[in-house]
Amino acid sequence: MVSYFLRRLFSVAVILFFVSFLTFVIFFQLSPDPAVMICGKTCTPERIEQIREQLGVNQPFLTQFFTFLGGIFAGRSYGAGEAAIHCAAPCLGFSFQTSQSVMDMIVSRLPVSITIAAGAAVLWLLIGVSAGLISAIKSGTWWDKGAMMFALGGISLPNYFIALVLQYVLVVQLQILPFPSTPDFAEDPLFWFQSYIMPWSVLAFGYASMYARLTRANVLDTLGENFMRTARAKGLPPLLVLRRHALRPSLTPIVTLFGMDFAGLLGGALITETVFGLNGVGKLAADSIGKNDQPVIMGVTLMAALFVVVANVVVDLLYAFLDPRVRIKA
């Protein structure tokens, strides 16, 4: 197990290195000159060259890349002398458009994205897995058909449409919820919950639909396995057979999907945060794309990649605890 874990950590480092390299190529070599974007259209060539020197983009490509990697672990400085700007480790870059460290910008927005992702994850797991399980047990009944119609609707409707409908009905017409914001939980827990319930519901609706369909298919397949017939033949109670022998192996694909989905949301629910005006990582990415703030876009991309890769390792380690047929070879 230890050797397997170490191998997985090594693979994480290798993947993140190549993701960093490709991201750096895309945003700093194939995109418009960041010095021109910062300086503006009326800027003189001399001023553009000064900005290029301060940013370090006048250096050879590999020098720029390894300077960027070194900044993540040891920090770096932009420019020289009294005008130099120091970016403390871990430095994912510096936004000259906002005069802020990219890491500071991400960290300040991350609590909102974590709150949205965690709340939505709880909802879609409870609703999706429960609906899929009931649908599989009641296969062919109106419970099954109703749950699958719900799942089909959730998959078909885009997030921004559901968000706009909820805002119009619950905020404008019925006025039972406030417009989503980012209040402090300690100051008013009820207002905090009311502010986040719509973003949670919007995100959870689509994911719960996918999880319901996947859970139903997995449970139905597992119920037809030989070991399930053996468990029933031994006279075990139906609920025990379902919980211990059917549900656990059926959850293995759910864990995989959940790890990837949750990690992706930690990188920012772009559409939901933008529609509701919540200052999370997703909205930060959308705003940065609109301004072509390349260091911020790259920083968000790398942060999202880190979440996904780490989640993949955690999912692999959880397999053995959920399905006795799965064993990790150390």
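This is a predicted model: local features need pLDDT of at least 70, side-chain atom pairs count only at pLDDT 80 or more; totals for chains, interfaces and linings use all residues.
Reader: How do you know that domain 1 and domain 2 are in contact, and how many residues take part?

Author: Contact means heavy atoms within 4.5 Å. By that cut-off, 17 residues from domain 1 and 14 residues from domain 2 take part.

Reader: What area is buried between domain 1 and domain 2, and which atoms give it?

Author: The size of an interface is often given as the accessible area lost when the parts come together. Here the area buried between the two domains is about 1400 Å², and carbon and sulfur atoms give 77% of it.

Reader: How many salt bridges does the rule find across the interface of domain 1 and domain 2?

Author: A salt bridge needs a side-chain nitrogen of Lys or Arg within 4 Å of a carboxyl oxygen of Asp or Glu. Across this interface the rule finds zero.

Reader: Happy with that! Now the pockets: why is the largest pocket said to lie between the domains?

Author: Lining residues have an atom within 4 Å of a pocket point. Domain 1 and domain 2 both give such residues to the largest pocket, so it lies between them. Its volume is about 480 Å³. It has 31 lining residues, and Gln54, Leu55, Gly56, Arg76 and Tyr78 are the closest to its centre.

Reader: Which elements give two or more residues to that lining?

Author: They are helices H1 (2–28), H2 (34–39), H3 (45–55), H4 (61–74) and H13 (294–322), together with strand S1 (76–78). H4 gives the most, with four residues.

Reader: How do the residues of that lining divide by class?

Author: There are 15 nonpolar, 13 polar and three charged residues. Gly counts as polar and Tyr as nonpolar in this scheme.

Reader: And what about the second largest pocket: how much space lies in it, and which residues lie nearest its centre?

Author: It holds about 320 Å³. Its lining has 14 residues, with Leu16, Ser20, Ile72, Leu92 and Leu306 nearest the centre. H1, H4 and H13 each supply at least two lining residues.

Reader: How many nonpolar, polar and charged residues does its lining have, and what does each domain give?

Author: The lining of the second largest pocket has twelve nonpolar, two polar and no charged residues. At least three lining residues come from each of domain 1 and domain 2.

Definitions and conventions. Residues are numbered from 1 along each chain as its sequence is written. Side-chain values use heavy atoms; hydrogens and water are left out. On a 1 Å grid over the protein atoms alone, a cavity is a set of points where a 1.4 Å probe fits but cannot get out, and a pocket is an open set with protein on both sides within 12 Å along at least five of seven lines; lining residues have an atom within 4 Å of a point. Grid points are joined across faces, edges and corners, and a volume is the space filled by probe spheres set on the points. Domain bounds come from an automatic or database domain assignment. Buried area is the accessible area (1.4 Å probe) that two parts lose on being put together, summed over both.
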